[in-house]
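Here are my notes on the model you asked me to look over.

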Amino acid sequence: MNRMDVTEKIIGAKVAKGIRWEDVAGKVGQSKEWTTALCLGQMTASVEQAAILGDIFGLTDEECKWLQVVPYKGSLPTAVPTDPLIYRWYEIVNVYGTTIKELIHEEFGDGIMSAIDFSMDIVRQPDPKGDRVNVVLSGKFLPYKQY
């Protein structure tokens, strides 16, 4: 057994039971974005969070322990993603990445936006021309230090 086996079991139970990530997040006590990342194998659960997920998805004690192991981060199977939705994010970074970098450096200086001290919010934005996906990414700015 490994972490990917637990992820596949969680997804299988989610589909079989018709569970929504937002409902799982409400029980875990975290955002739907973080909770989904946890369930997909990209975050580490506390003992309490693992127990809650175990109850929701019918996991064994051993499977709950796998949720508490620090994962190997990075979930894409290929360097260039092939899933159309994920590829569009890749395309956005390819087209706008240098613009994002330039504007962050202009505003904050030389450094990076943290993906550790980070939050994300994904919501549906109604629009008469077709609903829009509104994604807000918020990461702490970490300046490079001089030494």
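This is a predicted model: local features need pLDDT of at least 70, side-chain atom pairs count only at pLDDT 80 or more; totals for chains, interfaces and linings use all residues.

1. The protein has six helices and two strands, and along the sequence they come in the order α-α-α-α-α-α-β-β. Taken along the principal axes, the C-alpha atoms fill a box of roughly 50 × 50 × 30 Å.

2. Of the 147 residues, 23% count as buried. Among contacts with a separation of 6 or more, 54% are between residues 24 or more positions apart.

3. Helix 1 has 15 residues and spans 21 Å from its first C-alpha to its last, close to the 21 Å expected at 1.5 Å a residue. At its N-terminal end the cap is Asn2, which places a side-chain oxygen 2.9 Å from the backbone nitrogen of Met4. Just after the helix comes Gly18, with a positive phi of about 65 degrees.

4. Which residues of helix 1 are buried? They are Arg3, Val6, Thr7, Ile10 and Ala13. Seen down the helix axis, the buried residues fall within an arc of 130 degrees, so they line one face of helix 1. The face turned away from the buried side carries the exposed residues Glu8, Val15 and Ala16. The cover over the buried residues of helix 1 includes helix 2, helix 3, helix 4 and helix 5 (61-66).

5. The largest nonpolar core has 17 residues, and those touching the most other members are Ile10, Val24, Cys39, Leu53, Phe57, Leu59 and Leu67. Helix 4 gives the most, with four residues.

6. Cys39 deserves a click of its own. Leaving aside residues up to four places away in sequence, Cys39 touches Arg3, Thr7, Ile10, Trp21, Val24, Leu53 and Phe57.

7. Now to the loop between helix 3 and helix 4, where Gln42 is found. Is Gln42 buried or exposed? Its relative accessible area is 16%, under the 20% cut-off, so Gln42 counts as buried. Beyond residues up to four places away in sequence, Gln42 touches Ala37, Pro71, Tyr72, Lys73, Gly74 and Ser75.

8. Val70 sits in the loop between helix 5 and helix 6 (84-108). With a relative accessibility of 64%, over the 50% cut-off, Val70 counts as exposed. Val70 and Arg3 are 67 residues apart in sequence, and their C-alpha atoms are 9.8 Å apart in space.

9. Last, the strands. Strand 1 (residues 111-125) and strand 2 (residues 132-143) pair in the antiparallel sense over eleven bridges, and Gly111 stands opposite Pro143 in strand 2. The two strands form a hairpin with six residues between them. In the turn, Gly130 has a positive phi of about 130 degrees.

Definitions and conventions
Residues are numbered from 1 along each chain as its sequence is written. Side-chain values use heavy atoms; hydrogens and water are left out. Two strands pair if DSSP finds at least two bridges between them. A nonpolar core is a set of buried Ala, Val, Leu, Ile, Met, Phe, Trp, Tyr and Cys residues joined through side-chain atoms within 4.5 Å. Buried means under 20% relative accessible area, exposed over 50%, partly exposed in between (1.4 Å probe, protein chains only). Contact means heavy atoms within 4.5 Å. The expected span of a helix is 1.5 Å times one less than its number of residues. The arc is that of the directions from the helix axis to the C-beta atoms. A polar contact is a pair of N or O atoms within 3.5 Å; within protein, one must be able to donate a hydrogen and the other to accept it, and residues adjacent in sequence count only if both atoms are side-chain atoms.
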